[in-house]
Amino acid sequence: MRPVLGFVGLGNMGQPMAANLLKAGYAVRVWDRTPARAAALAAEGATSVPRPEEVAEAGALVISSLANDRVLEEVVGASHELLRRLGPGGIHVSASTVAPATSRRLAEGHKHYGVTYLAAPVLGRPDAAAAAKLWIFVSGPAEAKERAWPALRALGQGVFDLGEDPGAANVVKLACNFLLAAAIEAMAEAFTLAEKNGIERRHLADLLVQTLFDCPAYRNYAGLIAEQRYQPALFKLSLGLKDVSLVRQTAASSLVPMPLAGLLHDHFLAAAAKGRGDLDWTGLAGEVSEAAGLRPPPSAESNPRTDGGA
């Protein structure tokens with residue numbers, strides 16, 4: 001049996017990640033704000049605990065997969081009980097997509113308890129998480145990365161070491177999400193241009209993924225955007241807005257002009273203002289169609305789908 005480790009946050013990504021750690025032979029303690037999610041993993045062999053700090057064992061490893069900076073700081077940073085329980089030699093691995101500044105601040109705070117903070121955001125949709133096919137970006141102290149490496153390898157198909165700056169992995173993840181959002185916007189504009197000129201959106205999508213754009217981003221999203229299937233959301237539009245906002249925040253602090261990020265932000269913001277935040281983030285494409293005088297994106301009730309997502 002491998003060492004006990006803790007897992008905090010069992011959403012669309014965290015649940016399959018924790019399940020894969022169980023399959024890899026770890027004894028996993030789990031916590032989520034929704035008890036039913038923890039109960040589902042307990043049925044697979046995990047130990048469900050009533051408070052987040054109870055996932056921690058002295059000197060052990062805790063992985064968190066939480067929605068945003070605020071929740072991460074509330075669960076791990078604001079109440080220090082989890083860090084006290086981990087104590088000297090403990091490692092906290094954050095798989096969340098957060099601001100680089102948040103990771104750097106948390107890393108400093110962790111030092112007061114002898115705990116090492118590692119940023120390890122993941123690239124991939126929930127189906128990739130379930131198949132242990134995530135790409136993982138990790139940054140932080142070398143010794144802690146070496147200890148965490150076996151657990152991270154159980155979660156994905158590759159782990160990329162971004163050095164010791166705890167914010168570096170978050171910069172890379174934000175850059176990746178920016179490029180994915182830009183691809184969604186580009187496809188939306190291209191498909192709308194085709195539709196207004198009598199060419200079927202799906203036909204153009206099929207053509208793209210068979211020629212110059214045969215890559216995961218286009219294969220995963222082209223059909224969904226072409227057919228305007230924006231739900232159920234595996235990565236909500238509201239989370240896309242959060243991530244593009246973090247891109248702009250990081251760019252501003254680095255004195256990097258990113259005009260395309262500004263356009264993406266405004267499209268995400270407009271969609272959220274119209275009550276579309278619970279659509280999949282591919283619903284961003286609906287803003288382009290609507291601006292061109294075509295039908296708006298469907299409501300959350302009118303167009304269910306069973307595949308795809310972020």
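Predicted model: local features only at pLDDT ≥ 70, side-chain atom pairs only at ≥ 80, totals over all residues.
Where does Leu255 lie? Select that residue in the viewer: Leu255 sits in the loop between α11 and α12 (259–273), and its phi is near 60°, a positive value in a residue other than glycine.

Residues are numbered from 1 along each chain as its sequence is written, and side-chain values use heavy atoms, with hydrogens and water left out.

**Backbone stops**

Next, select Ala132, in the loop between α6 and β8 (134–138); its phi is near 55°, again a positive value in a residue other than glycine. Then move to Pro232, in the loop between α10 and α11, where the peptide bond from Gln231 to Pro232 is cis, with omega near 5°. As background, most residues other than glycine have a negative phi, and most peptide bonds are trans.

**Helix pairs**

Show α9 (residues 201–210) together with α10: the two pack at an angle of about 170°, with their axes 8 Å apart, where axes are lines fitted to C-alpha atoms, for helices over the stretch in contact, and angles run from 0 to 180 degrees between N-to-C directions. The helices α9 and α10 are therefore roughly antiparallel, on a scale that takes angles under 35 degrees as roughly parallel, over 145 as roughly antiparallel, 65 to 115 as roughly perpendicular and the rest as oblique. To see the contact (heavy atoms within 4.5 Å), select Arg201, Arg202, Ala205, Leu208 and Val209 of α9 with Tyr218, Arg219, Ala222, Gly223, Ile225 and Ala226 of α10.

On the α8 side select Leu180, Ala183, Ile184, Ala186, Met187, Ala188 and Phe191, which meet Ala217, Tyr218, Tyr221, Ala222, Ile225 and Ala226 in α10. This contact of α8 with α10 has 13 nonpolar, no polar and no charged residues, with Ala, Val, Leu, Ile, Met, Phe, Trp, Tyr, Cys and Pro counted as nonpolar, Asp, Glu, Lys and Arg as charged, and the others, Gly among them, as polar.

Now bring in α5 (residues 100–111), which packs against α8 at an angle of about 160°, with the axes 8 Å apart; α5 is therefore roughly antiparallel to α8. Pro100, Ser103 and Arg104 in α5 meet Ala168, Asn170, Val171 and Leu174 in α8, and the residues of this contact divide into four nonpolar, two polar and one charged.

**The largest pocket**

Finish at the largest pocket, with a volume of about 1,200 Å³. On a 1 Å grid over the protein atoms alone, a pocket is an open set of points where a 1.4 Å probe fits, with protein on both sides within 12 Å along at least five of seven lines, and lining residues have an atom within 4 Å of a point; points are joined across faces, edges and corners, and the volume is the space filled by probe spheres set on them. Of its 47 lining residues, select Asn12, Met13, Leu234, Phe235 and Leu239, the closest to the centre. The elements giving two or more residues to the lining include α1 (14–23), α8 (168–196) and α11 (237–253), and by class the lining has 24 nonpolar, 13 polar and ten charged residues.

How values were computed:
Helix = DSSP H or I, 4+ residues; strand = E, 2+ residues; numbered from the N terminus.
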